[in-house]
Every structure is written in C-alpha cells, then in structure tokens.
Amino acid sequence: MRTLTLAQARRVAVAAQGLDRARPEPWSATSAHVARTVRRLGLLQIDSVNVLARAHQLPLFSRLGPYDPTLLDRAAGRPPRRVVEAWAHEACFVPVETYRLLRVGRRRVGRVQLDAEHPGLVEEVRDVIARSGPVTTREVEQLLDDRYAVRGEGWGWRWSAVKRALEYLFAVGETTAAHRTPQFERAYDLTSRVLPATVRALAVPPAAEATRELVRIAARAHGVASVRCLADYFRLPQAPTREAVAELAAAGELEPVRVAGWDRPAWLAAGARIPRRTQARALLAPFDPLVFERDRLLALFGMHYRIGIYTPAAQRVHGYYVLPFLLGEHLVARVDLKADREAGALRVRTAFAEAPYNDGAARWPDAGTVLVELAAELRTMADWLRLDDVVVEADARGDLAPALAAVLG
C-alpha cells in the first residue's frame, strides 16, 4: 500500500478541486467554463446569505476569477438546462445528468407532521404547480387558503405551511427550481418539465448503482479521501458508501493508500494528480467543497473552522462571513469580508494569519508573501463584485489587519 505524505495529500486535494489550474483571462469565462467547473466539483451548495456574494457563485470565482454570474443563472434557468437544483450535500446546483442519481438521498422529513396539521395540502400545492408553474412561494400562497400562508414565530426559518409543502416536494424530487427570481426566490415547477428531454429519457438506476456513481463523483472531487469524506459529499449513508468503495477499488478506480498522520484508511482516485508543487491562490467561501467537511479540513490543512453565520455574535472568533485564504498548498489566513455596495467597497472586517502547519515536507510562505498575495486576491474579488476599493476597517480585528491595511493602502 502506498503512503502519501500530508503535503502530497494536500496537493492532491487542491488539484482535484481545480484550484491549481490557470484561470481564464478576467471576464472571459464562458458557459462552457462554468459547466466544466460544476461537473468537476459535482455540486455547488446554495445559500441565500448575500453579505459578500451568493454561496454558489463564490466557488466559481475561486476557480475562474472574475466571471459573469449570470452564466450560472442561464445554465440553471433557461432550457436546455446544464445544471439543476437538487438536494445533494444540502440544497445544491448539480449537473443535470446527476439529478437521477440523487433519488437515493432524497428526504421525506416532515411529511407526517404536515399531513397531520394540514391534510391534503401537499397534494394541493402539487396541483397548483402542475397548473400554474413555475410559481414562487408567495404566488402559491396567494392561490390557496390564507391560513396556509401564516408564518411561524420565533428565530429561524419561520416557514409557512405552503413553504414546508414546497420544500418537501423539492426534497423528494417531485419539483425543482425552474429559475430564481431577482429576489433569489425559487420559482418551483414539476421536475419533469425542468429537466431536458435527454435526461428525462434516462432510466433511474438502482440504488446501489446510483450510490456507486455518486461515490465515483465524490472521489474525483476529493482526489484522496476517507469513506466518511466520500459519504459526506452527497450525504450518503456509511454502509452503502463502503460497499461502493469496495466495488470501485475492485474495479481499479480507487486505490487504498495511507496518509501520514491520518488515523483512518484513505482512498486515492484513479487518475488523481499528485503535483510536486502548486501555485494555487484563492479565497474560499464557507460552503466551498474544499472546506465544507470540517474534520477533513483539520486533518489536511490544520485549520479548525466554523461558520460564523451560524454562531451567536458573542461567540464568533474570526467574524461573520469568514473565508480561508489558500496559497500554494496551505491555508495561510482567514478574512471576514463584506461587500458594501452602497459605498463601493469590499470591507475587510477581520484578518487573521494561520499558524504554520509544517509536516516537514512543505515550506510555509513568509508573512510578506502572504500579505502581498492576499491583497492581490482581495483586489481581484473587488473587481469581480464591481467594487471600487478594498478597505480594511479601522476597528478590524486580527494580527494581519494593520499590515494588510498598509499593503492595500
């Protein structure tokens, strides 16, 4: 069995995610670039928080540089669609060909309680979509009884009964988004009317075959991974994931390897590159596929990371919307960013350096290089967001903040 050093495993992971590849010239990325990137990653997680940019837009920027976000909107919202919304890792954009595989992971959470509270509502909502789709939540509420539109109380999502029915139908695959409105609301339609005819014509594979294909996609996106990592990518159960891994290993598509410092078996995807070095430079969103499995992030990069948007303000250590900064094969810093569109500025609210994570095989970039490269990437992001300036706030926290302000200034 081969043994990979931790440095090799990091470089495999960075390469598998396409983060070491040269970006297109600014603003030159095409719909084909977007489609290839989504296919390489397997999914783009969706989140409505827009303090910087939408979560699904940021991984494309990290790999393509400044690009037109409407390319993804068109790929998902106009026929023939190349990506579609589905429940994958969470709610995600996935290539249309992947949709039929996800039946193994579709959830039926909440149906019993919903039926008990509002008998027949799910069927009513489905009928409205069949007659009038694509329709938003508000439009469905207007077409049905007002009592179904009452929002819950307290903190959190506070969904109406209609919204709960819509999310149930989305989760089980009966509906999906035909497009998103300018307010980022889903316009729900029957999945059969959203998927291209060529995809609808494909048979839905048996569960074991679908799991195997999803694990194959996850393995390609990881490069090297444990069974737990492979299962987490599409939120698959552990037991069928282990069976799929064994089958792929028997077919020569996965190779068992040891990763120095890991306490669990690992699997290397066939064809995964093991670069001797990498020139990667990217700000990674909280929901980027490279970072959303926190145990893997700690094991590979030595970074303990939690998403600030889900943490009470008093307990946030590094900020609200914090992006790790990848340089070479290391995560060397993290910054809390906000797009101040009214002032035309990308605001840096915190900037922290990471402690060197040296396993003896790779040299940590010096502080000056980190600052210069981080400042350059922040300027690139500001350009993509159509912001005129990058501003480190006067009260910004973090050991990098003063020096970063000087470099930017």
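1. Let me start inside: how do the residues of the lining of the largest cavity divide into nonpolar, polar and charged? Four are nonpolar, two are polar and one is charged. The residues in question are Gln17, Ala221, His222, Tyr233, Pro289, Leu290 and Arg296. The volume of this largest cavity is about 40 Å³, and the count of cavities of 30 Å³ or more comes to one. Please keep in mind throughout that this is a predicted model.

2. Now the overall picture. The protein holds 16 helices and 14 strands. Its radius of gyration is 22 Å, close to the 22 Å that the globule rule gives for 409 residues, so the protein is as compact as a globular protein of that length. The C-alpha trace spans about 65 × 55 × 40 Å along its principal axes. Of the 409 residues, 54% count as buried.

3. In general, an α-helix has 3.6 residues a turn, so residues three or four places apart point the same way. After α1 comes Gly18, with a positive phi near 75°.

4. Arg11 makes a salt bridge with Glu329, and their closest N and O atoms are 2.8 Å apart. This pair links distant parts of the chain, since Arg11 sits in helix α1 and Glu329 in the loop between β11 (322–327) and β12 (330–340), 318 residues apart. Are the two partners buried or exposed? Arg11 has 10% relative accessibility and so counts as buried. Glu329 is also buried, because its relative accessible area is 7%; the cut-off for buried is under 20%.

5. The side chains of Glu377 and Arg23 meet in a salt bridge, at 2.8 Å from N to O. Glu377 belongs to helix α15 (residues 367–384) and Arg23 to the loop between α1 and α2 (31–41), so the pair ties together parts that are 354 residues apart in sequence. Glu377 is buried, with a relative accessible area of 0%. Arg23, at 26% relative accessibility, counts as partly exposed.

6. Arg264 pairs with Asp263, the closest N and O atoms being 3.7 Å apart. Here Arg264 is partly exposed, at a relative accessible area of 34%, and Asp263 is exposed, at 72%. Elsewhere, salt bridges that share partners join Glu85, Lys163, Glu167, Arg180 and Arg186 into one network. For the record, the count of salt bridges comes to 29.

7. Let me turn to the strands, with β9 (residues 266–269) as the reference.

8. Strand β7 (residues 224–225) pairs with β9 in the antiparallel sense over two bridges, and Trp267 is the bridge partner of Ala225. Strand β8 (residues 254–259) is joined to β9 by four bridges, and these two strands run antiparallel. Trp267 in β9 is also the bridge partner of Pro256.

9. Two details around β8 complete the sheet. The hairpin of β8 and β9 has six residues between the strands, and Gly261 there takes a positive phi near 90°. Strand β1 (residues 2–4) is joined to β8 by three bridges, and the two run parallel. In this pairing, Arg258 in β8 is the bridge partner of Thr3.

How values were computed
Residues are numbered from 1 along each chain as its sequence is written. This is a predicted model: local features need pLDDT of at least 70, side-chain atom pairs count only at pLDDT 80 or more; totals for chains, interfaces and linings use all residues. Side-chain values use heavy atoms; hydrogens and water are left out. A salt bridge is a side-chain nitrogen of Lys or Arg within 4 Å of a carboxyl oxygen of Asp or Glu. Buried means under 20% relative accessible area, exposed over 50%, partly exposed in between (1.4 Å probe, protein chains only). On a 1 Å grid over the protein atoms alone, a cavity is a set of points where a 1.4 Å probe fits but cannot get out, and a pocket is an open set with protein on both sides within 12 Å along at least five of seven lines; lining residues have an atom within 4 Å of a point. Grid points are joined across faces, edges and corners, and a volume is the space filled by probe spheres set on the points. Ala, Val, Leu, Ile, Met, Phe, Trp, Tyr, Cys and Pro count as nonpolar, Asp, Glu, Lys and Arg as charged, and the others, Gly among them, as polar. Two strands pair if DSSP finds at least two bridges between them. The radius of gyration is taken over C-alpha atoms; the globule rule is 2.2 Å times the number of residues to the power 0.38.
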